[in-house]
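Trainee: Please take one close look at the charged side chains of this model, and then at what surrounds them. Which of them pair up, and what lies around them?

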Amino acid sequence: MPRPKRQLHATVEDTLTPPDALSETQVIARITKAAGNNLYNAALPTTKVVLVELEPKFRSTIWIKRGSFVVVDTKALADRDNKLHGEIVNVVRDEKAWRKMGYWPKEFVKRSSYDEDSEDEASTVGKMPPSDSEDEE
């Protein structure tokens with residue numbers, strides 16, 4: 001039997017507002033790849049990529065895509081002897097509100113889509129393919 005809708009809505013509401021402060025064991029990370037079975041590769045602000053597990057309350061409730069931000073508790077799984085570096089305890093959904101908080105890492109700067117387009121000057125999108133007469137000259 002699925003979880004009640006009130007629990008689902010409560011979980012979603014918890015992720016919308018950022019907490020006032022993070023504990024010393026919590027860190028914000030960016031998801032780089034889904035590893036399967038509620039496991040994700042996450043890049044820490046120190047550019048170290050670690051394997052983290054999704055907390056059970058978020059499973060089948062919130063989906064995480066590549067490039068999104070999460071809060072990882074590095075001491076949650078310290079007693080287990082495995083490759084997991086931590087557990088995802090919160091998912092950043094309103095990134096704009098989270099970026100205003102003082103604990104947001106400076107390493108995760110906001111990139112606009114316009115900047116990404118300007119870097120690719122040799123783009124051929126929307127252009128005609130070269131004609132055969134240009135190749136013969």
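**Salt bridges and their surroundings**

Mentor: Glu95 and Arg99 meet in a salt bridge through their side chains, at 2.7 Å from N to O; the term requires a side-chain nitrogen of Lys or Arg within 4 Å of a carboxyl oxygen of Asp or Glu. The count by this rule is three salt bridges. The model is predicted, so local features need pLDDT of at least 70 and side-chain atom pairs count only at pLDDT 80 or more, while totals for chains, interfaces and linings use all residues. Residues are numbered from 1 along each chain as its sequence is written, and side-chain values use heavy atoms, with hydrogens and water left out.

Helices (H or I, at least four residues) and strands (E, at least two) are DSSP runs, numbered from the N terminus. Glu95 is partly exposed because its relative accessible area is 27%; buried means under 20%, exposed over 50%, and partly exposed in between, with a 1.4 Å probe and protein chains only. Salt bridges with shared partners also join Glu53, Arg59 and Arg80 into one network.

Helix α2 covers residues 95–99 and also holds Trp98. Trp98 counts as buried because its relative accessible area is 0%. Its C-alpha atom is separated by 5.7 Å from that of Pro18, a residue 80 positions apart along the chain.

Now the network. Arg59 forms a salt bridge with Glu53, and the closest N and O atoms are 2.9 Å apart. Arg59 is partly exposed because its relative accessible area is 27%, and Glu53 is buried because its value is 13%. Glu53 has another salt bridge, to Arg80, at 3.1 Å from N to O. This pair links distant parts of the chain: Glu53 is in strand β3 and Arg80 in the loop between β4 and β5, 27 residues apart. Arg80 counts as partly exposed because its relative accessibility is 40%.

Glu87 is a contrasting case. It lies in strand β5, residues 86–91. Glu87 is buried yet has no salt bridge, and the nearest side chain of opposite charge is Arg59, 5.6 Å away. For charge, Lys and Arg count as positive and Asp and Glu as negative; His and the chain ends are not counted. Among the residues that Glu87 touches are Glu53, Glu55 and Asp73, and also Pro56, Val71 and Leu77, leaving out residues up to four places away in sequence. Contact here means heavy atoms within 4.5 Å.

Five strands close it in the order β1-β2-β3-β5-β4, with mixed pairing. From one strand to the next the twist averages 55°, where axes are lines fitted to C-alpha atoms (for helices over the stretch in contact) and angles run from 0 to 180 degrees between N-to-C directions. Two strands pair if DSSP finds at least two bridges between them. β1 (residues 26–36) and β2 (residues 39–43) pair in the antiparallel sense over five bridges, with Ala42 as the bridge partner of Ile31 and Asn41 as that of Lys33. Their hairpin has two residues between the strands, and Asn37 takes a positive phi near 50° there. Four of the five residues of β2 are buried.

Last, the nonpolar part. A nonpolar core is a set of buried Ala, Val, Leu, Ile, Met, Phe, Trp, Tyr and Cys residues joined through side-chain atoms within 4.5 Å. The largest has 15 residues, and Ile31, Tyr40, Val52, Ile64, Val70 and Ile88 have the most contacts inside it. β1, β2, β3 (49–54), β4 (69–73) and β5 each supply at least two of its residues. β3 gives the largest share, three residues. A second, separate core of eight residues includes Val71, Val89, Val92 and Trp104. Val70 touches Ile31, Ile64 and Ile88, among others, again leaving out residues up to four places away in sequence.
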